[in-house]
Amino acid sequence: MADVEVRLGAVSERDAVALAEVVRELVAGGAALGWVEPPPVPEVVELLAGVTVLAVAFSGGEAIGFGYWRRYERPTHRLNADIEKLAISPKFQGMGVGRAVMSALIAAAASAGIEVLTLDLRGDNVGAVALYESLGFRKYGVLERFVAVGSLRYDKLLYARHLD
């Protein structure tokens with residue numbers, strides 16, 4: 001793995017902007033992060049400011065990736081949380097950074113008393129599927145042709161990991 005440190009918690013404005021640029025680069029390259037076009041930097045900075053638990057990967061003091069989860073809001077679902085995004089700079093993919101960020105998120109969820117972590121992803125993201133399954137997530141559903149990118153349609157895969 002690259003020389004990487006993962007920290008939990010809020011990030012500085014500088015680091016948030018760097019992470020926004022990571023998202024923009026990934027989306028421009030076709031990554032399945034929920035945007036069709038690279039989002040404006042302020043939109044990503046605002047998103048990162050509002051998450052429940054944020055894990056940020058740093059290499060050489062530079063923010064190179066992140067992941068986060070949010071508790072479900074309904075009182076009957078608050079024992080559970082959803083991992084909404086995992087984004088790692090293309091320069092650091094395949095080096096264990098995503099695994100380190102996900103491991104930090106899973107540990108934080110267990111410490112917070114979360115019983116089930118869920119996530120979803122686009123069906124063509126085979127690398128992410130392999131990562132999540134290796135971390136104990138199991139597929140519980142598929143929404144066929146749910147994700148639209150222009151005229152293309154992709155399945156949405158639903159995964160969960162029980163922490164209790």
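E3 and E4 pair in the antiparallel sense over 7 bridges; strands (E, at least two residues) are DSSP runs numbered from the N terminus, and two of them pair if DSSP finds at least two bridges between them. The model is predicted: local features need pLDDT of at least 70, side-chain atom pairs count only at pLDDT 80 or more, and totals for chains, interfaces and linings use all residues. Residues are numbered from 1 along each chain as its sequence is written, and side-chain values use heavy atoms, with hydrogens and water left out.

Within this pairing, phenylalanine 66 stands opposite alanine 87 in E4. E3 also pairs with strand E2 (residues 53-59), again in the antiparallel sense over 7 bridges. Here valine 53 stands opposite tryptophan 69 in E3. The hairpin of E2 and E3 has 2 residues between the strands, and glycine 60 in this hairpin takes a positive phi near 60 degrees.

Buried means under 20% relative accessible area, calculated with a 1.4 Å probe on protein chains only.

Now to E4 (residues 80-88), the strand in which lysine 85 lies. Lysine 85 is buried but has no salt bridge, that is, a side-chain nitrogen of Lys or Arg within 4 Å of a carboxyl oxygen of Asp or Glu. The nearest side chain of opposite charge, glutamate 84, is 6.3 Å away; Lys and Arg count as positive and Asp and Glu as negative, while His and the chain ends are not counted. What does the side chain of lysine 85 reach at 2.8 Å? The backbone oxygen of leucine 33.

Key. Helix = DSSP H or I, 4+ residues; strand = E, 2+ residues; numbered from the N terminus. Buried < 20%, exposed > 50% of the residue type's maximum accessible area, 1.4 Å probe, protein only. Polar contact = N/O pair within 3.5 Å; in protein donor to acceptor, adjacent residues only side chain to side chain.
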